[in-house]
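Please consult the sequence and the structure alongside the text.

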Amino acid sequence: MLVAAQLVLSEGERSRLEALTRSSSGQAGIASRARIVLLAAQGLPNAEIARRTGTSRPTVVGWRDRYETGGIRALADMPRSGRPPEIDEIDVVVATLADDGRPPAHLGVTHWSARLLATELKIGFATVARIWRKWNLQPWRVQTFKFSTDPELDSKIRDVVGLYLHPPEKAVVLCIDEKSQVQALDRTAPILPIMPGVPERQTHDYVRNGTTTLFAALEVATGRVEQTCLPRHRHQEFLRFLKQVAKAYPRKKLHIVCDNYATHKHPATTTWLARNPRITLHFTPTSGSSLNMVEILFSIITRQAIRRGSYSSVKELIAAIGRYIDGWNERCHPFSWTKPADDLLNHCRPGQRTSFTRH
């Protein structure tokens with residue numbers, strides 16, 4: 001049985017080939033060919049490369065030969081009939097993705113623009129923009145994610161998600177958190193109402209009349225909310241609100257989801273909980289507070305009751321929040337969690353990522 005010799009990559013081309021394989025926006029054919037070349041450079045047999053890439057052995061042999069003859073350029077499609085393009089698209093794509101998409105240090109910029117790359121390649125910027133559109137390359141976009149350093153990440157996710165999907169019998173599951181620094185902003189001019197063809201308008205400047213902290217407890221099964229507004233968010237205020245929640249649900253077992261904020265684990269809080277065994281706290285993992293569904297409620301309140309309001313005092317802001325919660329409780333609905341813990345863990349395990357926010 002003949003075994004193909006290990007393919008030797010040209011100097012500096014490994015990073016470019018790897019960039020092509022990682023690209024989710026480029027042509028699938030180019031990515032597959034780059035993967036074949038990289039596997040061949042590892043010394044794998046052609047049959048094994050074909051199995052891993054879902055191709056045939058003759059295809060692997062053909063692309064190996066093409067690369068050995070012409071390098072990365074040879075991985076592109078052969079010219080078709082008609083006027084040949086004056087600019088090689090692969091050159092533009094490779095230049096965009098090289099060094100993880102970072103321009104040379106001497107340019108002093110964090111990402112390519114069409115005009116800047118066009119200047120570097122000495123071509124028209126409209127050509128670069130057209131190629132980017134074709135390959136769906138968007139160097140100006142960025143997405144954010146968060147890593148968790150919690151050693152108990154798995155167990156905490158399973159614990160919290162288990163409460164949502166399979167709540168204990170004869171018990172109430174609540175999500176508690178505080179929204180701090182809610183600002184009482186007073187617009188410097190009257191808000192202009194909505195008119196046909198014209199949205200509601202408000203001045204961009206404002207007077208800041210103080211802040212408050214909103215404490216809220218969301219009952220997952222019904223969507224009902226228990227709330228209070230306090231000037232600070234120390235352990236004293238959290239314990240005060242915890243007692244308010246306990247009074248609102250007398251003689252019931254309470255399972256409360258909250259984050260790892262220090263006030264939630266203060267000795268005074270743990271001492272009180274020891275005297276009230278019917279109440280159990282369940283903590284979300286570090287940097288994983290998005291598992292707490294009360295954060296959804298905070299987003300709704302901000303959008304529907306706070307952001308477009310104008311408040312001359314903190315007292316007026318607290319009254320507006322109270323009116324909204326009263327109306328919410330009249331029309332509330334259950335909050336349903338649908339994703340199993342295993343799906344979340346499979347999503348976040350690479351580097352212990354706990355969130356991924358799209359652009």
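## Basis of the description

Buried means under 20% relative accessible area, exposed over 50%, and partly exposed in between, with a 1.4 Å probe and protein chains only. Helices (H or I, at least four residues) and strands (E, at least two) are DSSP runs, numbered from the N terminus.

This is a predicted model, in which local features need pLDDT of at least 70, side-chain atom pairs count only at pLDDT 80 or more, and totals for chains, interfaces and linings use all residues. Residues are numbered from 1 along each chain as its sequence is written, and side-chain values use heavy atoms, leaving out hydrogens and water.

## Helix α6

Helix α6 spans residues 114-121, and its buried residues are A114, L117 and A118. Seen down the axis of α6, these residues fall within an arc of 105° (taken from the directions from the helix axis to the C-beta atoms), so they line one face of the helix. An α-helix has 3.6 residues a turn, so residues three or four places apart point the same way.

The cover over the buried residues of α6 includes α5 (89-97) and α7 (125-135). On the face turned away from the buried side, α6 carries the exposed residues R115 and T119.

## Nonpolar core

A nonpolar core is a set of buried Ala, Val, Leu, Ile, Met, Phe, Trp, Tyr and Cys residues joined through side-chain atoms within 4.5 Å. The largest such core has 38 residues, of which I157, Y164, C175, M293, I301 and I321 touch the most other members. Helix α11 gives the most to this core, with seven residues.

Terms used. Contact = heavy atoms within 4.5 Å.
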